[in-house]
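Thank you for making time for this one today.

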Amino acid sequence: MVKKRQNYDGIAVCAPVTIPYSRYSLRSAQWFCGRSIAELIKSAKIEKNDIDGFCISSFTLAPDSAVGLMQHAGVSPRWLDHIPMGGASGVVALRRAARAIQAGDAELIACIGADTNHVDTFRDTIATFSQFANDAVYPYGSGGPNSSFAFLTDYYMREFGVSREDFGKLCIAQRDNALPVAHAMMKKPLTMEQYLNARLIADPIRLFDCVMPCAGAEAFLVMSDERAQSLHIPYTTILSTIERHNAFPDDPVQFRGGWALDVDEFYSQAGIGPEDINFLQAYDDYPVICFMQIEDLGFCKKGEVANFLSDKDLTVNGNFPVNTSGGQLSVGQAGAGGGYLGVVETIRQLTQQTQGHQVEKAKHGLVSCFGMINYDRGLCTSAAILERG
Amino acid sequence: MTTLLPTPKRKDPVKRTRKPSNPPRQRSREAQGLAAMAASGRFALQVCQECSKVQYPPQQFCGSCLSDRLKWQDVGNGGKLLAETTLQHSNDIFFRDRLPWRLGIIVADAGPSIVVHLAEDCVQGDRVRMSLAIDRSGNAAITARPEKPIAREEDDLQLREMAFDPKDRRVLIVDGKTEIGLELAKAFTKAGARDIFVGHSQPWRASIHLDAIKAMDKTTTYPLDVTDTDSVEELAAMIGDKVEIMVNNSYHLRMGGVLDRFDINTSHDEMEIHYHGLMRLAAYFGPVMRSRGADGHHGASAWLNILSAYAWINNPLLGTYSASQAAALSLSQCLRTELADGGVRVVNTFIGPIEDEWYQLAPPPKLVPATVAKRIVESLQRGLEDIPIGAVAEEIIQRLAENPKEIERTIKL
């Protein structure tokens, strides 16, 4: 008999924090983490030492790990996790922290995804990303994720009859969503013509299919709902989470992610279905991966996403709001911060802390994450459904 | 059909020559195994000895059954092109200088999905033929071409970076007085070399081979004595900046070992010609070749040494000759590293006894010079690095791998 997974009763997720992004920064990842801790404390009106657990994700902390950061910050947590899962880190941090609090191993956990971006950071990161990437991808044109996603996109478009216009619709809606968001890097409206005729990067991928690597941080707190109530801070609860690594290893090219493996359990734990979701924060380093998430998370069947989206308005006021702050495609990709962006935006939406991009009557938000192109595909997937507290 | 290779133009002395750069060099220890296969022209991947799963990228244990008994084995080089892209942007200088750059992902018949450098004629859904090549940084790289060879596929500019096709390149053949020298001149002419420079020493000694070379269209002959530093320097000053493929076929064979033929003079000559000769050529032609590694589509690309298979293991009947060949082989490894920064690769061919006057006493099988020349040009076209030519050389490799002490004790002509 399969043991039934415990629910996440009594857990509050709160205090959404974004350290404003910049294209390049002289600051270190340690600095962005430090700013995040300071902002979390300020936002929750707590003391530094009230935080007794940390969950850190960063590509650019090296040579430090989360451990070294504790000395930088002068804190003595009794629970510490370093999650090197790139884009999938945010939800993974959330579910690890929630379990630690349920178990009593910690009481108040700060989850932080932060990265800096010097002019050479991105190149250094992709040039030494993983053994398989060093051996079998980077020496082939050194395109970084662009070339891997070009394959995925090329294959997906042919296999499932998806057009560039379909992707364009999503990118344009996300840009609309970003317009009122102060920390979004890209705030000029995007037209379909601009999208379709943008500079070619690695066909079929063009400029507006790609995120802009930048420096910045995203962070939130996890604690008991009682604690959140006593602190008088608005919070969300967790209905369900999933996590999966290296799913479907026999697919010759990635056209689905681990979500497809776990989707039934995901909704059954939540006790609600896709039709009850008020908005979706889908990991969007490239639009093709958003399309996979919409399918794999059960909003429509595989191969039907273009048709599914044909009568959908993806903006915050639409009938299927996606990436309500503009996503990484408009806000920017602050390294591992990109994996936390969706969680932070979900908390903002459900606790009404948005900046003029509020989804009305939002009760359930789904956040989905994806990360780590180790060789030819992204290995990590995760997702969570949060509910207004 | 592959786009026609642009014909090389006369060099504009005002234009800056592009400096060499190399593709990313770092590889794991496991991936170096691929280089060994590529160097000898095999298409081999790691195969699990317990569950037969073919692994790629290279790793230390089986991705299926976790066994660590992985062995490099020849596997089918067929596959299907699943997706493709043309990079217009790269993070690496080598590729930036050469954009656009085509890539594909292949599902190999052998199992794994493989990211490849893609020939321009491959289209998504096509069957393709993969090869293991060596890129400009000296690492193994997998390329894919249409399953059936097409006309002029050697013109593909991108894949040309991973081979040393003589087409439209200028070749220096060091010694034109031997039959191999003549056959090389013929083979390079056939392969479309732009110019064939041929060296010759000892003007008092006539050679029918050199006479035949002089009668050919694309050849020019020059005095060149590799035992004379001034002679090498003089020729390098004259044509060094034009040599794109160096073929060092210095050859001086005399039978004999140590005890039964103690002859310092012969041994000295062998070392002068094979070892110091290589050193002199390297000193004067090497630097300029290294600086021209990225000089257009026809830049300097390969330094080929014709060595004897007895460079690997001393044959006491050719004792001092073998020793001088071993010295040359060792020096070529040094040169390989030193030329690598320019993207110029050192290629060594290893030949067994050939049909000539000096090998008169060696029993068959012996190599015909025309065969040697043909194999050399083919190997350059394929971009190989270590090339045994003929049954004797092949056998020596196998025997060395099986039991080096056995061959040491029993080797004969």
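Predicted model: local features only at pLDDT ≥ 70, side-chain atom pairs only at ≥ 80, totals over all residues.

Let me begin where the two chains meet. The contact draws 32 residues from chain A and 36 residues from chain B, and between them the two chains bury about 2,900 Å², with 58% of that area on carbon and sulfur atoms. On the chain A side, the residues that lose the most area to chain B are Asp135(A), Tyr140(A) and Phe151(A), which together account for 25% of what that side buries. If you want to find this side on the screen, the elements of chain A that give two or more residues to it are α4 (121–127), α5 (131–136), α6 (145–160) and β5 (200–202), and the largest share, seven residues, comes from α6(A). Sorted by kind, the residues on this side of chain A are 16 nonpolar, nine polar and seven charged.

Now let us turn to chain A by itself. Its domain assignment gives domain 1, made of 11–120 and 215–231, and domain 2, made of 133–210, 238–332 and 343–388. Taken over C-alpha atoms, the centres of these two domains of chain A are separated by 24 Å. Where they touch, 27 residues of domain 1 are in contact with 27 residues of domain 2, and the area buried between them is about 2,000 Å², of which carbon and sulfur atoms give 72%. In domain 1, Pro16(A), Tyr21(A) and Val91(A) lose the most area to domain 2, together 30% of what that side buries.

Across this domain interface in chain A the rule finds two salt bridges, together with five residue pairs in polar contact, both residues being at pLDDT 80 or more. The elements that give two or more residues to the domain 1 side are β1 (11–22), α3 (89–103) and β7 (215–224) of chain A, and β1(A) gives the most, with nine residues. That side divides into 17 nonpolar, five polar and five charged residues.

Let me finish with the charged pairs. Over all chains, the count comes to 46 salt bridges. In one of them, Asp341(B) and Arg25(B) meet at 3.5 Å, N to O. Asp341(B) lies in the loop between α8 (319–340) and β14 (345–351) of chain B, and Arg25(B) in the segment before α1 (32–39), so the pair ties together parts that are 316 residues apart in sequence. Arg25(B) has 41% relative accessibility and therefore counts as partly exposed.

Asp155(B) and Lys167(B) form another salt bridge, with their closest N and O atoms 2.7 Å apart, and here both residues are buried.

A further pair is Glu395(B) with Arg399(B), at 3.3 Å between the closest N and O atoms; because these two are four residues apart in helix α10 (residues 391–402) of chain B, about one helical turn separates them.

Finally, Lys11(B), Arg170(B), Glu244(B), Arg292(B) and Asp295(B) are linked in a network of salt bridges.

Note on methods: Residues numbered from 1 in each chain as written. Chains lettered and ligands numbered in written order. Heavy atoms only, no water. Contact = heavy atoms within 4.5 Å. Buried area = accessible area lost by both parts, 1.4 Å probe. Nonpolar A, V, L, I, M, F, W, Y, C, P; charged D, E, K, R; others polar. Domains from an automatic or database assignment. Salt bridge = Lys/Arg side-chain N within 4 Å of Asp/Glu carboxyl O. Polar contact = N/O pair within 3.5 Å; in protein donor to acceptor, adjacent residues only side chain to side chain. Buried < 20%, exposed > 50% of the residue type's maximum accessible area, 1.4 Å probe, protein only.
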